[in-house]
Amino acid sequence: MKAMLVNENRDLVWSDVADPVIKSDEVLVKIYAAALNRADLLQRQGKYPSPAGCPEWMGLEIAGVIEAVGCDVTEWHAGDRVCALLGGGGYAEYVAVKHDMLMPVPKGLSLAEASALPEAYATSYLNLFIEGHLEAGQTAFIPAGASGLASVAIPMAKAFGAKVITSVLSDEIAEKIKPLGADVIINSRTQCVEDILKAEEENGTPVNVSMDCLSGETLGKSLPYMARGGYWIVISTLAGIETTVQLRPLLTKGLHLVGSMLRNRTPAFKAYILSELVKNVWPKIEDGTIKPSIYRVLPMAEAAEAHAILERGENVGKVVLCVCDEA
């Protein structure tokens, strides 16, 4: 089969590799589409290798059709349309997937749309509802509102009854992300994030949960204005690896500062998250309450341009690579 490898110059090369051989608890999926994540860019740079036992090439979330099932698999069958969370290996024609890393494609979605669900939706659900304990009527702060992850997390939080605050880098970007439904959009170039969060606290809607991919100085400055018992979940450090935290509000408000990564969770816990998605989120996708946000779909041959879109930060929503035209 073919897979997208990275050569010594960091170029992407569609190359011949060995066909995957499934184990008794795995299925073979013919890949129709693979969605991009920033982790792909890091892996291409040699900074984020696939976990042991996973293919060396990139790709954390895919959608396709099952071609074969292992002898111990009973819940899936050849011909089923599925999407899957992977440790790696999505930029390819086929992949072997453990049975509990699969989810059915929600009714009404194309395979290209479904490919954008597993990683981003699992990450958002994990950090908003499992780590952050977000409830209806509470307030969520989701920075970097134009990111592919925020394009999932903002509508998800809104669908479950939360007020959402986000931040962007310009008024133009603020206009672009309005359809996501955030209640407050901060232009962090002209507004001070912590001042806005302080005003929200004074108005009776302090932040209960932050799913923060930026971190940096703003984290420490904003933390004191959280709701009592609030959860600030650090999922990345794109804006800096250092901050100054005032310990007094952390103590008196009983705040929780939590580091969270999906990739290093146990397979069993990832399977639990996926089962929660199918039970709680898939119905909202199927009835139109939550709609996948796709910025652009490109053929696998244009993978380098797809990466460039993420590097330039121009996308609002997910970028998807298609292996087959039927996606």
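So, Pro106: set aside the neighbours within four places in sequence, and what's left touching Pro106 is Leu117, Trp282, Ile285 and Glu286. Keep in mind that this is a predicted model. Where does Pro106 sit? It's in the loop between β7, residues 102-104, and α2, residues 111-115. And is it buried or exposed? Pro106 has a relative accessible area of 1%, and anything under 20% counts as buried, so buried it is. One more thing on Pro106: Arg81 is 25 residues away in sequence, yet C-alpha to C-alpha the two are 9.2 Å apart.

Okay, on to the helices. Take α3, residues 118-131, and α4, residues 150-159: their axes come within 9 Å and cross at roughly 50°. That angle is why we call α3 oblique to α4. The crossing of those two is right-handed. Who's doing the touching? From α3 you've got Ala120, Tyr121, Ser124, Tyr125, Leu128 and Phe129, and they meet Val152, Ala153, Met156 and Ala157 from α4. Sort the residues of that contact and you get nine nonpolar, one polar and no charged.

Now, the core. In soluble globular proteins, nonpolar side chains tend to be buried together. Here the largest nonpolar core has 89 residues, and Tyr121 and Ile142 have the most contacts inside it. If you click on Ile142 and ignore residues up to four places away in sequence, its partners include Leu128, Ala153, Ala157 and Met211. There's also a second, separate core, this one of 13 residues, with Phe141, Ile165, Leu223 and Val234 among them.

Key: Residues numbered from 1 in each chain as written. Predicted model: local features only at pLDDT ≥ 70, side-chain atom pairs only at ≥ 80, totals over all residues. Heavy atoms only, no water. Axes fitted to C-alpha atoms, helices over the stretch in contact; angles between N-to-C directions. Helix = DSSP H or I, 4+ residues; strand = E, 2+ residues; numbered from the N terminus. Parallel < 35°, antiparallel > 145°, perpendicular 65-115°, else oblique. Left-handed = near helix turned anticlockwise from the far one by under 90°. Contact = heavy atoms within 4.5 Å. Nonpolar A, V, L, I, M, F, W, Y, C, P; charged D, E, K, R; others polar. Buried < 20%, exposed > 50% of the residue type's maximum accessible area, 1.4 Å probe, protein only. Core = buried A, V, L, I, M, F, W, Y, C linked by side-chain atoms within 4.5 Å.
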